[in-house]
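This briefing goes through one protein model by topic. Please have the sequence and the coordinates at hand.

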Amino acid sequence: MARFHVRFDRERCKGCQLCLSFCPKKIIKMSARLNSKGYAPAGMADEERCIGCQSCALVCPDGAIAIFKEEVVPV
């Protein structure tokens, strides 16, 4: 089973919300805190539900999203 880690570059994100629209699980949210440029950047609401489809990263016009896969070994 795989688990995915999603990283949002807060300073590159301009808050366009395209990632929210394209996420099939609807687990991305906009931050209440502004970045240094005055934008409300995107972030994860529930990373546990991420399926690693990369839709958010592919649609991001600023390249502010990266997805990493971690293999989880059952105990």
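A residue is called buried when its relative accessible area is under 20% and exposed when it is over 50%, with partly exposed in between. Arg3 has a relative accessible area of 30%, so Arg3 is partly exposed. The model is predicted. The protein has two helices and four strands, and from the N terminus these elements follow the order β-α-β-β-α-β.

**Overall dimensions**

- The C-alpha trace spans about 45 × 20 × 20 Å along its principal axes.
- The accessible surface comes to about 5000 Å², and carbon and sulfur atoms hold 54% of that surface.
- Buried residues make up 28% of the 75 residues.
- Among contacts with a separation of 6 or more, 61% are between residues 24 or more positions apart.

**Salt bridges**

- The structure contains two salt bridges.
- One of them joins the side chains of Glu48 and Arg3, with an N to O distance of 2.9 Å.
- Glu48 sits in the loop between strand E3 (42-44) and H2, while Arg3 belongs to strand E1 (residues 2-8), so this pair ties together parts 45 residues apart in sequence.
- Glu48 is exposed, at a relative accessible area of 58%, whereas Arg3 is partly exposed, at 30%.
- A salt bridge also forms between the side chains of Asp62 and Lys14, at 3.1 Å from N to O.
- This pair links distant parts of the chain, with Asp62 in the loop between H2 and E4 and Lys14 in the loop between E1 and helix H1 (18-22), 48 residues apart.
- Asp62 has a relative accessible area of 17%, and residues under 20% count as buried, so Asp62 is buried.
- Lys14 is partly exposed, with a relative accessible area of 43%.
- Beyond its neighbours within four places in sequence, Asp62 is in contact with Arg12 as well as Lys14.
- The loop that holds Asp62 runs between helix H2 (55-59) and strand E4 (65-71).

**Nonpolar core**

- The largest nonpolar core has 16 residues, and those with the most contacts inside it are Val6, Phe8, Cys19, Ile28, Met44 and Ile65.
- E1, E3 and E4 each contribute at least two residues to this core.
- E1 gives the largest share, three residues.
- Cys19 is located in helix H1 and is buried, with a relative accessible area of 8%.
- Not counting residues up to four places away in sequence, Cys19 touches Phe8, Ile28, Ala42, Cys56, Val59 and Ile65.
- Under the same exclusion of residues up to four places away, Ile28 touches Phe8, Cys19, Leu20, Cys23, Ala42, Gly43, Met44, Ala45 and Cys56.
- Cys19 and Ala40 are 21 residues apart in sequence, and their C-alpha atoms are 13 Å apart in space.

**Cysteines**

- A search of the whole structure finds zero disulfides.
- Cys23 is in no disulfide, and the nearest cysteine sulfur, that of Cys53, is 6.2 Å away.
- This distance is not within the 2.5 Å that a disulfide requires, so Cys23 and Cys53 are not paired in the model.
- Cys23 is buried, with a relative accessible area of 9%.
- Cys56 is likewise in no disulfide, and the nearest cysteine sulfur to Cys56 is that of Cys53, 6.4 Å away.
- Cys56 counts as buried, at 8% relative accessibility.

- Gln17 has a positive phi of about 70° although it is not a glycine.
- Gln17 lies in the loop between E1 and H1 and counts as partly exposed, at 40% relative accessibility.
- Gln54 is a residue other than glycine with a positive phi, near 70°.
- The place of Gln54 is the loop between E3 and H2, and Gln54 is partly exposed, with a relative accessible area of 38%.

Methods. Residues numbered from 1 in each chain as written. Predicted model: local features only at pLDDT ≥ 70, side-chain atom pairs only at ≥ 80, totals over all residues. Heavy atoms only, no water. Contact = heavy atoms within 4.5 Å. Salt bridge = Lys/Arg side-chain N within 4 Å of Asp/Glu carboxyl O. Buried < 20%, exposed > 50% of the residue type's maximum accessible area, 1.4 Å probe, protein only. Core = buried A, V, L, I, M, F, W, Y, C linked by side-chain atoms within 4.5 Å. Areas by Shrake-Rupley, 256 points an atom, 1.4 Å probe, with all protein chains shown as cover.
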